[in-house]
Amino acid sequence: MNIVEVKNLRKIYRPRKNPVEALRGVSFNIAKGEIFGILGVNGAGKSTTLNILMGLLTATSGEVRFFGQDFFSNESAFKSRMNIATAYADLAGNITVYQNLKVFALMYGVANYRKKIEAMLDYFGIEHLRNERFDGLSAGQKTRVNLCKSLLNDPEILLLDEPTASLDPSIAARVRETLLVLRRDKKTTILMTSHNMNEVEQMCDRVALLHQGRIYRTDTPKNLQSFLRVPSMEEVFIKLARGEFEE
Amino acid sequence: MIKFHRIGAYILRHLYEIRASLDRKADIFLFPVIDILTFGLLTVYIDKLEQRPGIALAILGAVIFWTLVYNIQRDISFSILEDAWSRNLYNLFSTPLRLVEMILGTLAISLAKACVTIIITLGLAWGLFQFNLFQFGWVMAFYILNIFIFSWAFGFITASLIFRFGTKAQAVAWSLILVIYPISGVFYPLSTLPKTLADFASILPIAHIFEGLRGIIIDARSPSTGDLLIILALSLLYFSLGLFLYSRAFRGAKERGWFIHPT
């Protein structure tokens with residue numbers, strides 16, 4: 001069953017003055033429990049897609065369906081079953097890690113939030129930071145707090161924009177392991193972007209290659225490599241970046 | 001459907017902000033105290049000049065009212081700016097929080113902060129200068145209610161400018177209200193203004209409120225029911241306009257992706 005259905009999604013910034021077409025009819029489906037990756041160079045439209053799917057940006061046209069229902073007609077109801085972690089946004093800087101997580105836990109109506117927050121902090125090895133102000137943390141620590149936030153409500157759909165950016169290899173490995181466990185145990189559906197091709201290869205069931213707002217091909221990492229006759233996802237990415245897919 | 005746990009979470013986020021920020025504490029506690037002390041001492045001096053009785057008290061009452069107008073309207077746009085400054089809007093708006101819940105949360109936190117300001121200013125005015133605003137009757141409560149409605153409306157209009165033009169327009173949060181300061185007749189009658197400005201002032205409910213305040217304190221003249229209805233009608237009109245512009249600007253901000261890159 002497809003949990004996420006995206007049909008002909010288009011986004012034009014500044015439609016009246018100097019229009020920029022960020023998405024030119026993006027379509028894909030994601031099945032329950034699938035880990036789906038979107039690959040593309042900076043500006044390809046990856047974050048724009050994620051932001052529309054998270055209700056942070058209005059699409060110019062197109063359709064997004066979650067659990068078989070239209071997302072745009074009742075965003076709030078779907079957002080309580082989703083979450084996002086991004087390397088490109090912070091939590092409130094002036095307040096502590098625990099206070100931030102408490103606010104978000106209450107926002108999602110998480111029952112027994114204290115226990116949940118403590119378990120998350122402990123799991124990501126940042127229990128000692130609970131009373132630190134968020135703006136005093138390093139980039140890697142902020143990424144881990146963001147990941148804690150994204151898992152507070154046990155999301156059925158999890159969007160991840162560069163989830164392991166700024167993390168040291170051991171923590172990054174732990175994050176990947178967590179995501180795989182989530183998928184195995186809770187059938188969480190994950191949509192992610194990453195510039196780490198090993199991560200993509202290791203985690204994603206299928207990958208969409210996005211270039212200049214269009215998806216050129218969607219397939220498993222292995223099939224994409226054989227289709228392009230390259231030995232690694234690294235090479236797939238390089239071909240994509242050079243536009244060697246363009247028809 | 002409105003969920004109160006989300007409104008509560010939004011309020012909690014701003015209570016934490018007040019606890020953590022010296023600036024926000026100064027807004028609530030320090031600046032109103034400075035205003036009341038400065039103008040309170042001025043009124044003591046004016047009293048000694050043997051002007052018309054009541055002028056000094058009317059000025060003190062006006063300072064209390066203006067402090068409320070300024071603080072309440074500023075709090076509305078600051079609630080957005082605080083999250084924009086800390087790049088938290090992205091995470092905030094990726095939650096199920098709805099616009100109506102955010103508005104209710106903003107109004108609740110603004111109400112709580114303003115109540116603290118009211119208690120401090122009225123307490124100081126009474127303790128230091130023997131001025132009790134409510135000795136002039138409960139019409140003062142009606143005036144305060146309308147100050148809330150109008151100031152919220154003005155705050156929403158200001159916040160909509162921030163949604164539209166981003167943090168580069170953030171100065172409007174504390175300066176736009178000053179545009180109507182001279183024509184609101186805070187310290188002098190509207191008849192002092194040139195006719196065009198006086199005409200413009202007549203569509204501002206706070207101008208009627210300050211006029212009414214002087215009438216009660218200096219001339220012992222109670223406002224007519226018609227005067228009060230005009231104030232209420234104008235306040236509600238501005239409130240509707242403020243909410244309309246705010247929700248429209250919110251949609252525009254989402255269209256442009258401002259919550260993702262709030263610059």
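## A helix pair in chain B

In chain B, helix α3 (residues 55-85) and helix α9 (residues 205-219) have axes that come within 9 Å and cross at roughly 155°. Because angles over 145 degrees count as roughly antiparallel, α3(B) and α9(B) are therefore described as roughly antiparallel to each other, and their crossing is right-handed. This description, like everything that follows, rests on a predicted model.

On the side of α3(B), the contact is made by B:I55, B:L57, B:A58, B:G61, B:A62, B:F65 and B:V69, while α9(B) contributes B:I206, B:I209, B:F210, B:L213, B:R214, B:I217 and B:I218. Sorted by class, the residues of this contact divide into 12 nonpolar, 1 polar and 1 charged.

## Where the chains meet

The contact between the two chains takes 26 residues from chain A and 28 residues from chain B. On the chain B side, the elements that give two or more residues are α1 (4-20), α4 (89-93) and α10 (225-256), and of these α1(B) gives the most, with 9 residues. The residues on the side of chain B that touches chain A comprise 10 nonpolar, 9 polar and 9 charged.

## The domains of chain A

The domain assignment of chain A gives a domain 1 made of residues 1-81, 156-163 and 189-246, and a domain 2 made of residues 84-154. The C-alpha centres of these two domains of chain A lie 26 Å apart, and 8 residues of domain 1 are in contact with 9 residues of domain 2. The side of domain 1 that touches domain 2 has 5 nonpolar, 1 polar and 2 charged residues.

A separate description comes from UniProt, where an unreviewed entry lists residues 4-237 of chain A as "domain: ABC transporter". In the model, the span of residues 4-237 of chain A is 37% helix and 26% strand, and its end C-alpha atoms lie 24 Å apart.

## A helix pair in chain A

In chain A, helix α8 (residues 221-228) packs with helix α9 (residues 233-241) at an angle of about 60°, their axes being 9 Å apart. At this angle α8(A) and α9(A) are therefore oblique to each other, and the crossing of α8(A) and α9(A) is left-handed.

The residues that make this contact are A:P221, A:L224, A:Q225 and A:L228 from α8(A), together with A:M233, A:V236 and A:K239 from α9(A). By class, the contact of α8(A) with α9(A) has 5 nonpolar, 1 polar and 1 charged residues.

Technical notes
Residues numbered from 1 in each chain as written. Chains lettered and ligands numbered in written order. Predicted model: local features only at pLDDT ≥ 70, side-chain atom pairs only at ≥ 80, totals over all residues. Contact = placed C-beta atoms within 7 Å. Helix = DSSP H or I, 4+ residues; strand = E, 2+ residues; numbered from the N terminus. Nonpolar A, V, L, I, M, F, W, Y, C, P; charged D, E, K, R; others polar. UniProt positions renumbered as here; feature names shortened; annotations may be inferred. Axes fitted to C-alpha atoms, helices over the stretch in contact; angles between N-to-C directions. Parallel < 35°, antiparallel > 145°, perpendicular 65-115°, else oblique. Left-handed = near helix turned anticlockwise from the far one by under 90°. Domains from an automatic or database assignment.
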